[in-house]
Amino acid sequence: MVLLSFDIEEFDMPFEYKGEIPFEEQLAISRSGLQHILALLNKHKAKATFFSTVVFAENNKDLIEQLLSEGHELASHTWFHSKFEIDDLKKSRERLAELFNTEVTGLRMPRMMKVDEKEVEKAGYSYNSSVNPTFLPGRYNNLKVSRTYFKEGNVLQIPASVSPNFRIPLFWLSFHNFPLSFYKKLSKDVLNKDHYLNIYFHPWEFAEIRQEKFKLPDFTTKNTGKAMIERFDEFLEYLKQKKFKFGTFQEFQKSIQ
């Protein structure tokens with residue numbers, strides 16, 4: 001099963017590089033990207049899970065309602081993207097469920113931030129996908145974490161996928177910077193070894209973000225916008241031709257119980 005997921009959030013990444021972007025533009029860029037994503041998923045009849053901040057969801061109710069109506073899953077990316085309090089775990093889950101009358105059972109922390117798993121369980125989540133089991137300089141070192149899903153208390157942990165050998169991450173930056181043929185090979189290796197693939201992206205990757213005022217480094221903007229739309233379209237077609245099944249995290253969780 002291919003677990004496609006998207007962290008839908010206010011586009012605040014320029015702040016990490018001392019760039020500038022007003023709040024309205026943060027939302028507009030992510031909104032534009034999400035529209036492209038939904039069109040691609042509909043074209044390829046692929047299901048996905050969307051981890052949304054409450055801030056983004058409250059400002060884009062129509063798109064959240066659309067993705068739910070098209071069979072996708074809504075999960076929590078907490079309340080804000082750039083600030084967090086432990087109460088946001090429960091509050092965000094309940095607010096998203098209330099706004100859209102849907103069951104919210106999954107969590108992904110912004111920027112894969114560490115969080116107390118007991119608090120995650122107390123907040124009512126049944127799964128958490130907030131760890132990249134690899135080494136990323138300046139971010140995290142999770143080489144001792146299981147590559148594949150495992151239980152922690154009553155919460156199912158679903159790490160992002162890394163290659164069976166050397167733990168090469170298959171997250172969004174890899175998709176932009178690796179040759180697509182190599183990324184396809186790594187994806188196939190993971191599916192053959194683990195029987196599922198957990199990869200995540202963001203809506204702003206599908207928008208035009210090469211603006212001088214954002215001060216984003218080239219490795220974050222390579223193959224974004226139109227190039228990303230075309231690249232992702234080709235990747236989904238490849239997965240379809242290989243007859244891999246797309247599913248939501250909730251469907252995956254049920255399949256392994």
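## Helix α4 and what covers it

Helices here are DSSP runs of H or I with at least four residues, strands are runs of E with at least two, and both are numbered from the N terminus. Because this is a predicted model, local features need a pLDDT of at least 70 and side-chain atom pairs count only at pLDDT 80 or more, whereas totals for chains, interfaces and linings use all residues. Residues are numbered from 1 along each chain as its sequence is written, and side-chain values use heavy atoms, with hydrogens and water left out.

The arc is that of the directions from the helix axis to the C-beta atoms. Just after α4, Asn 101 takes a positive phi of about 50°.

An α-helix has 3.6 residues a turn, so residues three or four places apart point the same way. With that in mind, consider a second helix. Helix α7 (residues 180–194) has 15 residues and reaches 21 Å from its first C-alpha to its last, close to the 21 Å expected at 1.5 Å a residue. Its buried residues are Leu 180, Tyr 183, Lys 184, Leu 186, Ser 187, Val 190, Leu 191 and Asp 194. They cover an arc of only 165° around the axis, which puts them on the same side of α7.

Ser 181 and Lys 193, on the other side of α7, are exposed. The cover over the buried residues of α7 includes β1 (2–8), α6 (172–177), β10 (197–201) and α9 (226–241). Just after α7, His 195 takes a positive phi of about 70°.

## Two pairs of packed helices

The helices α7 and α9 pack at an angle of about 35°, with their axes 11 Å apart, and α7 passes α9 in a right-handed crossing. Axes are lines fitted to C-alpha atoms, for helices over the stretch in contact, and angles run from 0 to 180 degrees between N-to-C directions. A crossing is left-handed if the near helix is turned anticlockwise from the far one by less than a right angle, and right-handed if clockwise. Among the residues of α7 that meet α9 are Tyr 183 and Leu 191, and among their counterparts in α9 are Phe 235 and Tyr 238.

The axes of helix α1 (residues 23–44) and helix α3 (residues 61–69) come within 11 Å and cross at roughly 15°. The two helices α1 and α3 are therefore roughly parallel to each other, a term used for angles under 35 degrees, while those over 145 count as roughly antiparallel, 65 to 115 as roughly perpendicular and the rest as oblique. α1 passes α3 in a left-handed crossing.

## Single residues in contact

Leu 63 lies in helix α3 and is buried, with a relative accessible area of 3%. Leaving aside neighbours within four places in sequence, Leu 63 is in contact (heavy atoms within 4.5 Å) with Arg 31, Leu 34, Gln 35 and Leu 38. Gln 66, also found in helix α3, counts as partly exposed at 29% relative accessibility.

## Two lysines in loops

Lys 215 is found in the loop between β10 and α8 (218–221), and it has a positive phi of about 60° although it is not a glycine. Lys 215 is exposed, with a relative accessible area of 51%. Lys 243 is found in the loop between α9 and α10 (249–256), and its phi is near 65°, a positive value in a residue other than glycine. At 73% relative accessibility, Lys 243 counts as exposed.

Methods:
Expected span 1.5 Å × (residues − 1). Buried < 20%, exposed > 50% of the residue type's maximum accessible area, 1.4 Å probe, protein only.
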